[in-house]
Amino acid sequence: ASGRQSRVSMLAEGKLSSAKLTGYVEADFLSAGITSNNNQSNSYTLRQRQAWGQAALNNGWSFTGGQMWSLVTETKNGVDNRTEVLPMTIDAQYHVGFSWARQFGFRVSKDFGNKMWVAFSAENAQTTVGGEGAKNNYLLGAAGTSGGLYNPSSTYAFNEMPDLIGKIVFQPTKTSHIEVFGIVSRFRDRIFPGDTATPASAAGAYNDSSAGGGAGVNIRSDLFAKHLDVGLHFLGGEGVGRYGTTSLSDVFVRADGVLVPIRSYQALGTLEY
């Protein structure tokens, strides 16, 4: 037996004449001490899963800010927080093909009669790198500093803007749920052409930026009086590997230090009785 997946949580709700206010905090013990990072979730000890506040207005607009599941993650009802649909596996890293992240962000959504929702979020960016072929003449990020309370053995990327995510959700019936979403990311590093010279020089250094993005869909249907759930999930694009549960690389670095987003695709089918 293990208590590592044990969770502590607190929910506070209140109603005004024109809005419902919600605050939610959730944590667990699946952190790894000094090697923790925030590439896909904030995994520092004690692991902060969620910590957000929300104002849901009576006119259908909702505003949510804090640490939460990414808008990429499938939900059961509209884009409502705390209705996320997770693969039914014992492994807390979930399943290959599942698209998700838990990170800081600010989300705005609009409910159109409980049939359609439109949402937009700006979320904390990171960059995962693979297939590196460059000389050591560039900086993609920097290690955390102990004084800054970040992991000194992990790299924190120099992303120039948050990841931007948009989603449209349709629920034409009580038993069907369709999501279409898109992601826009910007990756950046600083290149030092004179670093390989003798003597090395920082002269002529410049920033290089590359754009990445992708699109995805989540479809779920309840059959046989809601006894059987059938789901299909897809995410594809360039530079969106971090949003897959296997944390594939977003970019690789060319020999001249230029960042190139990596094209990736993932899919998942679910059948739950």
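Which residues lie nearest the centre of the largest pocket? Select Gln-54, Ala-56, Ser-62, Asp-80 and Asn-81, which lie nearest that centre among the 23 residues of the lining. This is a predicted model, in which local features need pLDDT of at least 70, side-chain atom pairs count only at pLDDT 80 or more, and totals for chains, interfaces and linings use all residues. Residues are numbered from 1 along each chain as its sequence is written, and side-chain values use heavy atoms, with hydrogens and water left out.

**First stop: the largest pocket**

The volume of the largest pocket is about 420 Å³. On a 1 Å grid over the protein atoms alone, a pocket is an open set of points with protein on both sides within 12 Å along at least five of seven lines, a cavity is a set of points where a 1.4 Å probe fits but cannot get out, and lining residues have an atom within 4 Å of a point. Grid points are joined across faces, edges and corners, and a volume is the space filled by probe spheres set on the points.

Next, colour β2 (19–28), β3 (47–57), β4 (61–69) and β5 (102–112), the elements that each give two or more residues to the lining of the largest pocket. Strands (E, at least two residues) are DSSP runs numbered from the N terminus. By class, the lining of this pocket has six nonpolar, 10 polar and seven charged residues. Here Ala, Val, Leu, Ile, Met, Phe, Trp, Tyr, Cys and Pro count as nonpolar, Asp, Glu, Lys and Arg as charged, and the others, Gly among them, as polar.

**Second stop: the cavities**

A search of the whole structure finds four cavities of 30 Å³ or more. For the largest cavity, with a volume of about 60 Å³, select Val-72, Thr-73, Glu-74, Gly-97, Phe-98, Ser-99, Phe-181, Asn-218, His-233 and Phe-234. The lining of the largest cavity comprises four nonpolar, five polar and one charged residues.

The second largest cavity holds about 50 Å³ of space. Its lining consists of Leu-235, Val-240, Gly-241, Gly-244, Leu-248, Ser-264, Tyr-265 and Gln-266. Strand β16 (residues 263–272) gives the most to this lining, with three residues.

Show Leu-57, Trp-61, Phe-63 and Phe-106, which make a nonpolar surface patch of about 340 Å². Patches are made of residues with over 30% relative accessible area and no salt bridge, nonpolar side chains (Val, Leu, Ile, Met, Phe, Trp, Tyr) being joined within 5 Å. Accessible areas come from the Shrake-Rupley method with a 1.4 Å probe, and for residues only the protein chains shown count as cover. Trp-61 is found in strand β4 and, at 35% relative accessibility, counts as partly exposed. Buried means under 20% relative accessible area, exposed over 50%, and partly exposed in between.

Side chains of opposite charge can pair when their charged atoms come close. The structure holds 11 salt bridges, each being a side-chain nitrogen of Lys or Arg within 4 Å of a carboxyl oxygen of Asp or Glu.

Which strands hold Glu-26 and Arg-49? The two side chains meet in a salt bridge (2.7 Å, N to O). Glu-26 lies in strand β2 and Arg-49 in strand β3, so the pair ties together parts that are 23 residues apart in sequence. Both Glu-26 and Arg-49 are buried.

Move to Asp-163 and Arg-242, a salt bridge whose closest N and O atoms are 3.0 Å apart. Asp-163 lies in strand β10 (residues 163–170) and Arg-242 in the loop between β13 (228–238) and β14 (251–253), so this pair ties together parts that are 79 residues apart in sequence. Both Asp-163 and Arg-242 are buried.

**Last stop: the backbone**

Most residues other than glycine have a negative phi, and most peptide bonds are trans. A cis peptide bond joins Thr-45 and Leu-46, with omega about -15°, and Leu-46 lies in the loop between β2 and β3. In the loop between β4 and β5, select Arg-82, where phi is near 75°. Finish at Lys-226, in the loop between β12 (206–223) and β13, which has a positive phi of about 65°. At 54% relative accessibility, Lys-226 counts as exposed.

Key
Helix = DSSP H or I, 4+ residues; strand = E, 2+ residues; numbered from the N terminus. Patch = residues over 30% accessible without salt bridge, like charges linked within 9 Å, V, L, I, M, F, W, Y side chains within 5 Å. Buried < 20%, exposed > 50% of the residue type's maximum accessible area, 1.4 Å probe, protein only.
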